[in-house]
Amino acid sequence: MLTRKIELSARDTERFHKKYLRGNNCWEWQELLDGKGYGILSANHNNFYAHRISAHLAGMDIDNKAVCHKCDNPKCVNPDHLWAGTLQQNNEDKLNKNRQAKGKDFGMRKSKLTQEDVDYIRDNYYQKNCRVSNAKQLASKFNVHTDTISNVIKGKGPWAIKQPQQTED
Ligand SMILES: [Zn+2]
């Protein structure tokens, strides 16, 4: 399983950092690639996706998440170009909770999106093979530009991702 939990020794971490070219834009993996062009690192008798390792090392929470490329370059391991998307099938529960929560304005008057909409978009956005996304469908559902969907997903500008709040159980 390429999506297994990433646990690398210091030595393997060092190996990882030697296998890509660090540029101003994409950092392209220079070694083993899978059939779709994603970088692979073999470590401790396992294969790991290089971009998942990069996201992990950058401190992203990638457990049960897909690590996707903003730059659409499967070889790229630049953490600035990566984001962890929640797998849709794991989100039914969360989605139901969000539906029950009261929609609240995001603090941006010109936007039509409420916090509830933003949560919905984040929970329901997906990219097939990290490529073909449903951004268009979401954009038309909420009557906004696809760039807005993209910004919501990336947590850009007014859509900065807040730290999760403590819930009372
Ligand atoms: Zn890139």
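Q: Which residue just after α6 takes a positive phi?
A: That is Gly155, with a phi of about 70 degrees, in what is a predicted model.

Q: What makes the buried residues of α6 line one face of the helix?
A: Helix α6 spans residues 146-154, and its buried residues are Thr148, Ile149, Val152 and Ile153. Seen down the helix axis, they fall within an arc of 135 degrees, so they line one face of α6.

Q: Which residues touch the most other members of the largest nonpolar core?
A: They are Ile121, Ile149 and Val152, in a core of 17 residues. At least two residues of this core come from each of β5 (65-69), β6 (82-86), α4 (115-124), α5 (135-142) and α6. Domain 1 (10-86) and domain 2 (88-158) each supply at least three of its residues. Another core, of 13 residues, lies apart from it and includes Ile6, Phe16, Ile53 and Val77.

Q: How do you know that Val152 is in contact with Trp159?
A: Two residues are in contact if their C-beta atoms lie within 7 Å. Beyond its neighbours within four places in sequence, Val152 has such contacts with Val118, Ile121, Arg122 and Trp159.

Q: Where does pLDDT stay under 50?
A: One such stretch is residues 89-94, with four contacts beyond four places in sequence. Residues 99-110 are also below 50. Where pLDDT is low, the predicted coordinates should not be read in detail.

Definitions and conventions. Residues numbered from 1 in each chain as written. Predicted model: local features only at pLDDT ≥ 70, side-chain atom pairs only at ≥ 80, totals over all residues. pLDDT = per-residue confidence, 0-100. Buried ≥ 20, exposed ≤ 12 C-beta atoms within 10 Å, placed from the backbone. Helix = DSSP H or I, 4+ residues; strand = E, 2+ residues; numbered from the N terminus. Arc of directions from axis to C-beta. Core = buried A, V, L, I, M, F, W, Y, C linked by C-beta atoms within 7 Å. Domains from an automatic or database assignment.
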